[in-house]
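Here is a friendly walk through one protein model, written for reading beside the sequence and the 3D view. Please keep both open as you go.

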Amino acid sequence: MADKVKLITAQEAAKILRQNKPDKIYLLVRSKCLSGFKCGKRWLIDEDSVYKYINRCLLNQ
């Protein structure tokens, strides 16, 4: 059985990453640091990519 992808909004991703505005999330998706896409007016982000990004940032410290 295939793994299911959980999509979250840019606002939810910003909350996880402790960002005040989702603008940073848009930049991270465009720079391929996070997996996501625009669907209509909304940005949808793969929740796993947010946690992988956090781990990458912690390992680089």
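Which residue stands opposite Leu44 in strand 3? Phe37 does. Before going further, please note that this is a predicted model, in which local features need pLDDT of at least 70, side-chain atom pairs count only at pLDDT 80 or more, and totals for chains, interfaces and linings use all residues. Residues are numbered from 1 along each chain as its sequence is written, and side-chain values use heavy atoms, with hydrogens and water left out.

**The strands**

Helices (H or I, at least four residues) and strands (E, at least two) are DSSP runs, numbered from the N terminus. Two strands pair if DSSP finds at least two bridges between them. Strand 1 (residues 7-9) runs antiparallel to strand 3 and is joined to it by 3 bridges. Strand 2 (residues 36-39) is also antiparallel to strand 3, with 4 bridges between them. Leu44 is the bridge partner of Thr9 and stands opposite Phe37. The hairpin of strand 2 and strand 3 has 2 residues between the strands, and Gly40 there takes a positive phi near 70 degrees.

Strand 3 (residues 42-46) is largely enclosed by the rest of the structure, because 4 of its 5 residues are buried. Here, buried means under 20% relative accessible area, exposed over 50%, and partly exposed in between (1.4 Å probe, protein chains only).

The table gathers some residues by their relative accessible area.

| Residue | Relative accessible area | Class |
|---|---|---|
| Ile45 | 0% | buried |
| Trp43 | 13% | buried |
| Glu47 | 17% | buried |
| Lys52 | 52% | exposed |
| Val5 | 56% | exposed |

**The core and the aromatic pair**

Ile45 belongs to strand 3, and its C-alpha atom is separated by 5.3 Å from that of Leu7, 38 residues apart along the chain. A nonpolar core is a set of buried Ala, Val, Leu, Ile, Met, Phe, Trp, Tyr and Cys residues joined through side-chain atoms within 4.5 Å. The largest one has 14 residues, of which Leu17, Ile25, Leu34, Ile45 and Val50 touch the most other members. Helix 1 (10-16), helix 2, strand 3 and helix 3 (47-59) are the elements that give two or more residues to this core. Helix 2 gives the most, with 4 residues.

There is 1 aromatic pair in the structure. The rings of Tyr26 and Trp43 have centres 5.7 Å apart and planes at 35 degrees, so the pair is tilted. Tyr26 lies in helix 2 (residues 23-30) and Trp43 in strand 3, so the pair ties together parts that are 17 residues apart in sequence. Rings of Phe, Tyr and Trp (its six-membered ring) pair if their centres lie within 6.5 Å; planes under 30 degrees apart count as stacked, over 60 as edge-to-face and the rest as tilted.

**Charges**

Side chains of opposite charge can pair when their charged atoms come close. A salt bridge is a side-chain nitrogen of Lys or Arg within 4 Å of a carboxyl oxygen of Asp or Glu, and the structure holds 1. Glu47 forms it with Lys6, their closest N and O atoms being 3.7 Å apart. This pair links distant parts of the chain, as Glu47 is in helix 3 and Lys6 in the segment before strand 1, 41 residues apart. Lys52 is also placed in helix 3.
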